[in-house]
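Dear colleague,

Please find below the structure I am handing over to you, followed by a summary of what was found in it.

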Amino acid sequence: MAFFRSSIFIGIIFALLCCLLCILNTDSSIGFSGDDIQVINQAVAAANNTVGQFIKDYSFMNANNVDPVASNAYSWGTSFLLVPLYKLFGLNNIFAFKGVIIGAYCLFIFSFFIYLAHKTNRIIGGLITLFFATSPFFIGFTNDILKDLPYLLISFLSVVSIDYFLKESFLKKQIIYSIFVSSLLSLSVIFRENGALPVLVLFFAQLIKISQLVISKKKISHTAVILYGLPYIITAVVYTLISIKYPTFYLKGFIDFTPASMIKMTGYYFNQFYLNFFAAGKIFSYILYCFVLVLSAYGIIKKVRHEYVLFIYLCTFIIYAAYPVEQEIRYIIPLIPVFFVFLGLGIYDFNNKYLKLTGIITLVVLCLFNVFVLSKMNLTNRFLYKHTDNGTISSSAKKVYDYINKNIPADSKIIYWHPRAIYLYTGRLSFQISDKKERLGEGDYQISIIGKDRPGKYYDKEMYDLEAKTYIKEANVYLKPVYRNDNYAVYEIEKE
C-alpha cells in the first residue's frame with residue numbers, strides 16, 4: 001500500500017511537470033490543418049443540437065471540394081468533451097479547448113507511470129515516463145485541438161484494463177474489471193474511427209487465455225463466460241445508441257497487404273518515429289534510436305508469453321501499415337506507449353541478468369536528449385507571447401468572418417481553401433476548388449489570402465485584381481472585389 005501511495009505521488013509530479021511544459025507551449029492560435037476546426041465544429045453541432053444540419057452541410061462541402069478534406073463526421077468523443085466549454089465560452093476561449101487536450105495527456109502520463117512502475121520498478125518507470133512528460137513532440141501536439149491524445153489515454157487504459165482483467169483470478173475483481181473494460185471499450189469506439197482495435201485485442205487475448213485454461217485443464221465457469229462476453233455487448237449497444245444521433249463517417253480507402261506495400265509503410269512509420277522522437281541526421285541520435293529498438297525487441301522476446309495482451313495490441317500495427325496512405329506519426333500514436341512499455345520490460349530484464357545500469361543509462365540519455373531539444377523550443381519566450389496573430393483566427397481572419405456575417409447572405413456559397421473555418425465562424429457553406437478556375441461559377445463569393453496568412457501549399461495561388469473586376473474566362477464570370485484587409489480579399493462572383 002505504501003508503494004502504491006508513493007507511486008501515485010510520483011505520478012502526480014510527472015503529470016504536473018508535463019502540464020507546466022504544455023501550458024508554456026500553448027498559444028492562442030488554431031493552425032491551418034483543419035481537423036481541429038472540425039472537432040470544434042462537431043462540438044458546436046452537439047451543443048446546439050444541430051447534428052443533422054451539420055452532417056448535411058459537411059456532406060455538401062466534402063462533395064464539392066476538389067481535394068478531399070475530411071469525412072462528413074469524425075468520431076465524436078473529443079467533441080463531446082468540448083461541449084461544456086463551448087456552452088460557457090462560445091468560440092472565444094481557445095485556451096479552454098486546448099486545456100482539455102493537455103488534461104487528457106497529463107492523465108495519460110499519470111496512468112502510464114503507475115502501470116509501468118508496477119511492471120518494472122519506479123526508476124525505470126519514472127525515467128520512461130519522464131521521457132514522455134518532456135517529449136517535444138507530445139508537448140507540441142497538445143497545442144492542437146485534435147482527437148489523438150484523448151484517444152491515446154482511452155486506448156492505453158483499455159489495453160491495461162484488458163491485461164488486468166484476463167490475469168485476475170478472483171471473481172469479485174473479475175466483475176469489476178469486466179465492467180471497467182466494457183466502459184473503456186465503449187469510449188474507445190466513440191473517440192476514434194479505428195477505436196475498435198482494442199476490441200480485437202480483447203478477442204484474441206481471450207482466445208489465448210482460454211487456450212491456457214484448456215491446456216492446464218482448468219474449468220471455465222459460466223460466470224467467466226458471461227464476464228468475457230459482457231464487454232462486446234455493452235460496447236456494441238453504446239456504439240449503436242450513440243451512432244443513431246451522432247453517426248461517424250469513415251473515409252473510403254483500400255487495404256493493401258502485399259509484401260511490397262507493407263514493407264514500404266513499415267519503413268515509413270519507423271522513419272516517422274525516428275524523425276519525431278530523435279534528432280534527424282545526427283549520428284549520436286541514430287545510435288540511440290537503434291539502441292532503443294534493440295532493447296525494445298529484447299523486451300518483446302523475453303516477455304511476450306506473459307505480456308501477450310500488450311503484444312497483440314502492438315501487432316495491430318499490421319492494420320495501420322496495410323493502409324497505404326502516409327498519415328505521419330499521429331496515425332500510430334496509440335501504439336507508442338506499448339512500445340515503450342516493452343522497452344522498460346527489456347531494460348528491467350537486461351539489467352537484472354546482464355550489464356547493470358546499461359538500460360538505465362540509455363533512459364537517462366533519452367531524457368537528457370529531450371531536455372536539450374526543449375531548450376531549443378524556448379518555451380519561456382512562447383509563454384510570454386502566447387497571443388499570436390496567425391492561422392484561422394488571426395485578427396485579419398476574424399475581420400473577414402465579421403464581414404461575411406454582416407454582409408453576405410446566409411445561403412451564399414463561398415469558395416475558399418479552408419472551408420471548414422468559414423463554416424465554423426460564419427455558418428456559410430464553403431468549398432475549395434484549388435486551381436480549377438472553371439468551377440468559380442459554382443460559388444457566390446471567392447476569398448483569397450493576400451498577406452502573411454497565405455498558405456504555403458498550392459491552394460489559392462491565383463492573385464486577382466484588388467481594385468477592379470477581373471474576368472475569368474474559364475468560368476465566364478467576373479470577380480468583383482467587395483472587401484479587403486491586410487491579409488484577405490473577398491470577391492463577389494458575378495455571372496453572365
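F131 lies in helix α6 (residues 122-133); helices (H or I, at least four residues) and strands (E, at least two) are DSSP runs, numbered from the N terminus. This is a predicted model, in which local features need pLDDT of at least 70 and side-chain atom pairs count only at pLDDT 80 or more, while totals for chains, interfaces and linings use all residues. Residues are numbered from 1 along each chain as its sequence is written, and side-chain values use heavy atoms, with hydrogens and water left out.

F131 counts as buried because its relative accessibility is 1% (buried means under 20% relative accessible area, exposed over 50%, partly exposed in between, with a 1.4 Å probe and protein chains only). Leaving aside neighbours within four places in sequence, F131 is in contact (heavy atoms within 4.5 Å) with F277, F340, L366, C367 and N370.

N485 is placed in the loop between β5 (477-484) and β6 (488-495). At 12% relative accessibility, N485 also counts as buried. Its side chain makes a polar contact of 3.2 Å with that of Y483; such a contact is a pair of N or O atoms within 3.5 Å, where within protein one must be able to donate a hydrogen and the other to accept it, and residues adjacent in sequence count only if both atoms are side-chain atoms. Beyond residues up to four places away in sequence, N485 touches S396, K399, V400 and I450.

Yours sincerely
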